[in-house]
Every structure is written in C-alpha cells, then in structure tokens.
Amino acid sequence: MSENPQAAGEQGEAPRRIGVYICHCGGNISDYVDVAAVRAAIADDPDVVVATTTMFACADGQQHEMVRDIREQHLDGLVVASCSPKLHTTTFRGVSRRADLNPYAYTQVNIREQDSWAHSDDREGATQKAIALVTAGIAKTRLSTPLEPLRVETVPATMVVGGGVTGLRTAIGLADIGIAVILVEREAQLGGWLGRLGPTFPHDVPGRDQVARLLAEIAERPTITVLTNAELVGKTGSFGNYTAKVHVRSEAADELRQFQVGTFVIATGADVYQPEVGELGYGIEGVVTLAEFGTLVDEAAGGTLAWHGRRVRSIAYVYCVGNRQPEGNAYCSKFCCAATVHASLKVSRLDPTVRQFHLHRDVRAYGRYELLYTQSRERGSVYLRYPDDAPPEVERTADGRLAVTLVDALTGPDPITLPVDLVVLVTGMVPRENEALTTLLKLPTGDDGFYNEIHPKLRPVETVVDGVMIAGTCQGPKPATEAVSGGLAAVTQSAGILKRGFAELDPLVATVNEAACTGCGACLTTCPYDAISSYVCDTGQKALVSAANCKGCGGCVPVCPDDAIDLLGYTSAQMLAAIDGLATTGVPA
Amino acid sequence: MTTVVDVDLLADLKKFGAADVSACFSCGNCTATCLLSDNDATFPRRMIRYAQVGLKDELLGSKELWACYGCALCTQSCPTKADPGEFMAAARRYAIASYEPTGLARVIYTRPRLGLLIGVLVAAVLATFMLTQADLGGLHAPTLALFQFVPNELIHWLGIGAMAAMVLAGAWGVVRMVRATARREGVTWEAVAGSREAVRRAAGAAWDALGVESLGQRRFRQDCDGEPEPEPLWRRRWLVHALTVWGFLGLFGATIIDYGLELLGVKATGTAVPIWYPSRLLGTVAGLSLMYGVTLFMVGRWRRWSATQATSTGSDWMLLTLLWITGLTGFAIEVALYAGQPPAWGYWVFLLHVAVAMELMLMLPFTKFAHVMYRPVALFFYALAKRA
C-alpha cells in the first residue's frame, strides 16, 4: 500500500486516491494467477492508496472493509479485479454508494473469465495478463469523473395494445392503481378469442360471459379510453414519456390521434393454426378444427350432437396438429389439451354414449387440468398415443363415415382403424401477423415468431425496448389464465416505472462536444435507437444526443470524424489511457 | 393388416359387469402384481386395453382370459379402482356369450332375473315332462323303485338328448374359441399336426392342460394361491375348487360304472348295494367332496371371505346352486334308498335330482359351467407356447 498521497498522476493531473482489490475467488483466480505478484506490481503506482488481495471480494465482510477503506483513506476511485462485470457491477456500485463514493468512479476488472479460467495452463502468462488488465483498469479509473443518474419525468398513462382478455384485464388493473389507460383494439369489437367462446375450462363459465364482465368493469372506469378499429402507428419520445400515434378508422373518416403515455403493454394475441387441405384429412367432410368443433358442441347444448343433421356417435380427436412438429412449429400451445379434454366432457354430458377417442402424443393437461383428464377417462374417453413420426391417417369410407388409422402405443405394433363420425383436429396457436407493429416498436421476436421477453423467469413481461411490456399469447401460446397473469405482471411493471413520477437512467450515455461538432450528420444515421437529432445554433448545425433515448452503445463515437462525441464513463481519454496501461506492462504474446 | 375397432365393445362389456374399466389408464400395476401373468400371457392390462379401444377379435382370441383364476390381487393394487379382477371375470362371461351360438348365455349374464326364471323353467319343464310319463301307482311299493317311477328308458334318452344338445352348442363354442385363439396366437394346423414332432408337442400340451392344470390344479395351487393373504387350508381356494372338480368327476365316474354294471347285467340301476360296492363307494366319497367344495364356495361368497368372493353375480350363484341341489338331492336319494321303510318323498327328490342334473348338463355351454370347456383350451394354447 502506497503511503504517498502527494504523488502526481503521469499526465500531470491532480493526484487520485484509488483503492485496488485483487480477488482470489477462493482459488478460481489465485490457483492460476499469482495475486500477490499482481498486487506488488501495481502497489507502487502513486495514485494507488490501497492495494490488497482478498479471498472473496464480494463477501459481506470484505464489502464492509472496502467501505471503511474508502471512508478512512478518503478514496476517490475503486478498482475491483475479480470476475465478470455481469456478476458484480451492482454489488460494488452499491459498496461505493454506501461509502459516499460516486459509483461511476468504480471499475471492474475481469481477471477470472478473461484470465485465470482461460489460461489455466500458463501461470506466468496469466499473472502478466492480470497485471496488465489491472493497470489498465487503474488508468481508466484515474480519469473518471463523477456521474449522476439521469432523471426523466414520466407520464402516468399506459397504452394497452390489444383488446382480448389479456388487454382488457390489464386495462382494469392499471386503472385501479391510478394509471390512465388508452386501450387500442384493431377490430371493431373487444373480446378477442375468448369473447367468441362458450363454456370454457376449467369452470365451464362461457368465454362470452367472462368478457362481458370485463367490459362492464371497463365501462365503470372513466380513466380507460377505449379505441376500436384502431391501430398504433407511431411512437416517438423518450423513456417514460412517449407520444403514441393511433390510427382510428370510422365510417365517416379516418383519424390520426396522439396520446402521451409512459409505457406500452402489447397484448395483441395469437392466431389459431389453420390446417392445410389434405393435412390429416382436413377438407374431407366431417374433419373439423377444434375451434369449429367447439362451436358445434356449444350450439348442440341441450340437444343432440349432430353433424349436418346426422347424429354423432363417435369422435376421434387428433392432437398436436400444427404444433410440436419437427418441421414447422416446434412448440406446444399449452391450452389445446385441456380445451379438448374439456370439450369431450361437454360432449359426454350431452350424450354419455358417444364414443370418444383421443389420439395424442402425450396429454399435457397439466396442473388442475389433470382432474379434467381423469374425469374424461372415467366417463369413457379413450386415450391412444400415436408415434411422433407416424401421425394418424384419415380417410372417408364408402358408407360416408370416417376411418382413422393409427398405431396405438399400448396395443401396437399393428395399426388399428377407428370408424368415427367426426374427426377433430386439435389445432394450436400460431403467432399473429403483426409486421407493422413489430417494426414500429422494434420488438424482438423469437424463432417461433412470438415476442420475446428479457428473461423467461426473472423478467417475464419486459422487453429489451424500454417501457414496452408484452403479455398474453403474443408472447407465446398459453391458456387465458396464464395470459391474464402476464397482463397483471405488466401492470406491476408499468406501475413500477410510472408511479414514482420519474425514472432514473444509467448516465453512461453519449455527449456531443458542441464546439467540436461540425454538423456533418454522419452520426444521425448510425444510432439504432434514434437518439441523435440535429439542431441549428449560431455556429451552424450541431448534433444532439437525447440522454433518455441513448443506450450508451457507443456506436456513434467512432463514426464522428472530429471526435466530437464522447461516451460518459468510457471517454476516449479513459479508453486510450487504459490501452496505454495494457501496452506498458507488456503482455506476453 | 389393420384391425377395425368395434366402437360398441366397451359399452357391451359393461353389461357383463366390467363397470369401472373406463378408469384404467394402463399403468400396468395389475400385470406386475399378477402371479400368473408372464411373457407368454400378459394380463389383465392388455385385456382391458383391448376392451377400451374396441379390439373385439383380439379380446375373444385371448387365452389370457382363461389363464386367470381370479385371486383379485390386481384389484387391490389398482390405483384407479378399475377392478381388473372383476373385468377379467366379466370378459370371460362376455366370451362365453360370444362363443355360443344361441344368445342364451347373453340373456343369463346381462339380465339376471330373466336368467333365473329360465333356470327355474328349464328344471320345471324337464320335471313336468318326466312326471307325465311317470307311474304314480308304484309310489307305495315296499321298496323304493325309482326307475319304475320314472321309466329308466326315458331318463336314459332324455339324458342323451340333453348331452347331445350340450355337446353341439359346446363344440360350436369351442371351435369358435379355438379359431379365434389360433389366429391371434399364430398357431396353424401345421404346428399341431403337421409332423411327428408337432403331434408330440400338441399331445404334451394337451396333457399339461387337462392333466397337470385341470386335474392337478398346478398353477392354481402353486402360483396363485395364498394371496393376497393366506387362507386356512380348509377353505383355500385351489383346494375347495379341486374338491369340487374331483367330486364332480367322481360322481360322473360312479354313474358310468353303475350304468356299465347294468349293461353287464351285474345289477340294475337304482337298486340297493352295500357301502363298499365300487360305484356306491365312489359316489359317496365324490358326493361328499363335491358338497364340501360347493358349500364352501357358497358360504365364501355369502360371507365375502376374500377379495375374490367380494362380488358375486347371478351366474355365479346359478352354477353353485345347480351343483348344490344336484349333490344334496343325490344324498337324499341314498338316504331314502337305504331307509328301512321307503319314504314317499324319495320319489319327488329323485325327480328334482334328475331334472336339475339334466339342466346342469344342458345349460353347461351357457352358464359359468362353460369354463370347463374353455379353460382347458386356453391352457392348451398356453402350454403349446411354453413348449415351442
């Protein structure tokens, strides 16, 4: 540890008081890097006031010691040489904050993933590399300046796109915690898929009734603005304060309306897979999709189940149509097993003598839906598993009925033929065609075409686009129960952003040196976030970075021919100093 | 070759008593716990699956139905309470009704009250017919002259007639069962009679089926008994069953011997002889054996001694009752025959005895009694597979 606080920096600036902590990481680092040698190599740096090794830098006790060092030694810079910044940036920013040190005066140096783990066969080389990396980290820290989080005012309003069950419930949830809602529905009517359904699983309440209940609740809430025949067509502004343009169609004239909103919840739903003619007999008289069958069953309520006037005495359900296919949609749609099992229960209530064969690839009636499955079996439904690579074959027989041939795993290997009156193709969900909206919001989609969240468990409704949440089946196939849960999670996330009235953003953003900017405009087209605009001042055209929109990617910095753009926290001077630090220690090739 | 399923099979089977089989989800616990199921015959799960799916020909061609002795261990291990043990029994009833050509068995099994009525009517018609031919004047003769009461000739020819009808219906059923089983098992004529080796194998299998299993009750005794909980020996199911079988066969033998002695002119049927006389000795011992077996079966079913006897159908009671009446009246006749002063009721008991015994034979292909034809056939195919 240097006791020479008077030493001046190499470049003649004011001396700094930097603390350097080199971590053993148990042995993950110290087994391959001579951490004592690293400490010795940098301890004599005049700006390094504290230089120490530690078994675990992230341990509670060590954090307390760091806070004490910063306070007692009046440190104004912190370098932690341990693991990837992805693991502990927040930890050590917290240490800095607790010691009243600006969190952006702290630099994380990765000597584990990028050194000890990668060079476990070369202790000497790894040690040299660690010295170089730590030296570079110190050089960068030396030039750090205190930064404060950006504070932006937020608008307490959310635009919900999509008026199905998810969107409707989300709107009510938002309204109830005091956030104004603009509900945008593309179609003329609210309610989506659920609004068209009769009794649904698990409680036999008609989908129509559930939607009607939500609509009644929406009508009672004046802070919800409902726009039907409407589409979101424009989004400008910055985080927490966007201007949304909505195109509203009406018989009189189309209208473009603008709304100020803080967040968006996208709940645009999904479509149902439409089988191709010939796929599992689709197109043959008596082969219907699950949706068509549902309507047939609901219309038969109280009477007999008939198809074109002929009583239905036997039914074959073919599961996983258009889903879980090696070529095509590989995913499972989650709702269809339970929906089909439930439909078969409705049929058995209409007429317990109807023979029902379920041709499946495994029944995923999970959780409580298992009870429906058990009930349907007890009422005589027979479940037959067909091989993944040999789907059933559907044919029309001479007597005008249908014949479904398959290999039943439990009686095979010889195929069996079921003579039935009706074949129901259990069709799953497919992503809805929504190119314009996806492009407008820059929403990331997965390989399957559904919108992607940031993290499936920990951040399940947020997207990488700030302030834009996703919920319901636009995110992936799921039953209404789960879709609504997602919507309510989006309510919480919106409230988390909007209820404080302001948002704090990372200050690691690009800034333009107005004097150096020549207004060439090169940077304007490079920004992927549309954060750079231009303005005219006395000295001509200048670039301006919106701190609220900038993600700090640094893409604009090298584009500027006059080096007029700097990235705060990673300034050109800091990066050059770091490179110099790497170079002077001479990392072996 | 694809099999077209019979969508009505399950509903039909339920009429025969397989009420809970829909609950089965094919876990296979029943097959795993079954002491008789092995690689050559896996059941009950597979049989239940045939029923659920509607594979009628597979079910009717399954020797496994008759490999089961109904210990009900499977029923106790079934997690869905589908009662596989009762299913096997119901499937056997269904098979008996499907093999025989008249539809009488279906009525007996699916409409028990009508079945009971038929049972009583058949005995009544037989007795009435014999009574019309009887010589009521001989009732007060100093000795019990049974065959003067109802003419010997009449009983003889009526018996032969009943036997012929039984054999005809029985053979019809057996042929159907053999064809269905052979098709499912892939057994051809070639395989049983095509070569000296094949014949030897078939003869061996026949010995296994009739001798070792039917008479010796080997698997019932060794593999199946004592479970789920060991019964005391005096009411152990294999022993009670074996005593019934042996008793019945002994009585049958005694009748043949008695008839043979008459043909040889040694003695007339129905005349008093000492107790050591071969036909009388055999008949008495066999009758006691039969009565012991049948009575214990009846008490067991009445008191529900074991899981096996927990459920009883009309057809179970019909067979036991017919056997019991036959046995009891037989002894009553013996008592009457050797009583000092011949009692008049001896004639009426005799009439009942002959009528019920004839009914027993006549109804064999249609009642639970039919298992004496089908079980050996199934065991033959089973033994044939073992000897392959």
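Domain bounds here come from an automatic or database domain assignment. On that basis, chain A splits into domain 1 (8–147), domain 2 (157–269 + 432–500), domain 3 (273–428) and domain 4 (508–568). Please keep in mind that this is a predicted model: local features need pLDDT of at least 70, side-chain atom pairs count only at pLDDT 80 or more, and totals for chains, interfaces and linings use all residues. Residues are numbered from 1 along each chain as its sequence is written, while chains are lettered from A and ligands numbered from 1 in the order in which they are written.

**Where chain A touches chain B**

- The contact joins 19 residues of chain A to 17 residues of chain B, with two residues in contact if their C-beta atoms, placed from the backbone, lie within 7 Å.
- On the chain A side, the elements giving two or more residues are α10 (369–378), β19 (382–385) and β22 (416–420); helices (H or I, at least four residues) and strands (E, at least two) are DSSP runs, numbered from the N terminus.
- β22(A) contributes the most to this side, with four residues.
- Sorted by class, this side of chain A has seven nonpolar, six polar and six charged residues; Ala, Val, Leu, Ile, Met, Phe, Trp, Tyr, Cys and Pro count as nonpolar, Asp, Glu, Lys and Arg as charged, and the others, Gly among them, as polar.
- β22(A) also pairs with strand β1 (residues 3–4) of chain B, in the parallel sense over two bridges; strands pair if DSSP finds at least two bridges between them.
- Within β1(B), B:Val4 is the bridge partner of A:Thr417.

**Domains 2 and 3 of chain A**

- The centres of domain 2 of chain A and domain 3 of chain A, taken over C-alpha atoms, are separated by 33 Å.
- Nine residues from domain 2 of chain A and 15 residues from domain 3 of chain A take part in their contact.
- The domain 2 side of that contact has six nonpolar, one polar and two charged residues.

**A parallel sheet in chain A**

- Four strands form an open sheet in the order β2-β1-β3-β4 (chain A), with parallel pairing.
- Its edge strands, each pairing on one side only, are β2 (48–54) and β4 (106–110) of chain A.
- Neighbouring strands are turned by 15 degrees against each other on average, direction ignored; axes are lines fitted to C-alpha atoms, for helices over the stretch in contact, and angles run from 0 to 180 degrees between N-to-C directions.
- Strand β1 (residues 18–23) and strand β3 (residues 77–82) of chain A pair in the parallel sense over five bridges, and A:Val20 stands opposite A:Val79 in β3(A).
- Helix α1 (residues 35–43) of chain A lies across β1 and β2 of chain A, running at about 180 degrees to β2(A).
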